[in-house]
Amino acid sequence: MTPRTLEIDGTTIHGIPSLYAELNRVFMPDEEWTLGESLDALDDLLYGGFGVLDGAEPALVVWKRADIAREALGIDETREYYRAKLARPEVYSAATAQRALDALESGVGETYFELVVRVFRDHRNIELVLD
């Protein structure tokens, strides 16, 4: 089966909200609802069953100008992402967010871009190409 090809436009990504706007454009064009700003929601989307993915069908996702998205979703944006979690301990695990922030600050933690890429790569039916 020839995989469906989808293209993410990295030039539209300037932070986490615009990342999810672009993911919704690519993966949810005919849905009446949108994907929330959540790595768990992205993971669920990639399992298929809604949006343009149908279950475990193969898909090729080409992320054009991934370098722009990598910079936009880099250390500064990731730091703010974890600080926002720390500000809401009633919703998020402060200890988990603090460990991730500490790892990021020490140079061994993943940026938000890297977290997103890992979510994609955890789905064997999806080939992600960073262009």
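This is a predicted model: local features need pLDDT of at least 70, side-chain atom pairs count only at pLDDT 80 or more; totals for chains, interfaces and linings use all residues.
Local features are reported only at pLDDT of at least 70 and side-chain atom pairs only at pLDDT 80 or more, whereas totals for chains, interfaces and linings use all residues. Residues are numbered from 1 along each chain as its sequence is written, and side-chain values use heavy atoms, with hydrogens and water left out.

Helices (H or I, at least four residues) and strands (E, at least two) are DSSP runs, numbered from the N terminus. Helix H4 covers residues 75–86. The expected span of a helix is 1.5 Å times one less than its number of residues; for the 12 residues of H4 this gives 16 Å, which agrees with the 16 Å between its end C-alpha atoms. Thr-78, Arg-79, Tyr-81, Tyr-82 and Lys-85 of H4 are buried, where buried means under 20% relative accessible area, exposed over 50% and partly exposed in between (1.4 Å probe, protein chains only). These residues lie on the same side of H4, because they cover an arc of only 160° around the axis; the arc is that of the directions from the helix axis to the C-beta atoms. The cover over the buried residues of H4 includes helices H1 (16–27), H2 (39–47), H5 (94–105) and H6 (112–121).

The axes of H4 and H5 come within 9 Å and cross at roughly 160°, which makes H4 roughly antiparallel to H5. Axes are lines fitted to C-alpha atoms, for helices over the stretch in contact, and angles run from 0 to 180 degrees between N-to-C directions. Angles under 35 degrees count as roughly parallel, over 145 as roughly antiparallel, 65 to 115 as roughly perpendicular and the rest as oblique. H4 passes H5 in a left-handed crossing. A crossing is left-handed if the near helix is turned anticlockwise from the far one by less than a right angle, and right-handed if clockwise.

Helix H6 is largely enclosed by the rest of the structure, since seven of its 10 residues are buried. These are Tyr-112, Phe-113, Leu-115, Val-116, Val-117, Val-119 and Phe-120. The axes of H1 and H6 come within 12 Å and cross at roughly 25°, and the two helices are therefore roughly parallel to each other. H1 passes H6 in a right-handed crossing. Ile-16, Leu-19, Tyr-20, Leu-23 and Phe-27 of H1 meet Tyr-112, Val-116 and Phe-120 of H6, with contact meaning heavy atoms within 4.5 Å.

H2 and H6 pack with their axes 9 Å apart, at an angle of about 25°, which makes H2 roughly parallel to H6. Their crossing is right-handed. On the H2 side the contact is made by Leu-39, Leu-42, Asp-43 and Leu-46, and on the H6 side by Tyr-112, Leu-115, Val-116, Val-119 and Phe-120.

Leu-46 is located in helix H2 and counts as buried, at 0% relative accessibility. Not counting residues up to four places away in sequence, Leu-46 touches Phe-27, Leu-53, Val-119, Phe-120, His-123, Asn-125 and Ile-126. Leu-46 and Asp-122 are 76 residues apart in sequence, with their C-alpha atoms 9.4 Å apart.

Gly-55 is located in the loop between H2 and strand E2 (59–64) and counts as partly exposed, at 24% relative accessibility. Gly-55 and Asp-131 are 76 residues apart in sequence, and 25 Å separate their C-alpha atoms. Not counting residues up to four places away in sequence, Gly-55 touches Tyr-47, Gly-48, Gly-49 and Asn-125.
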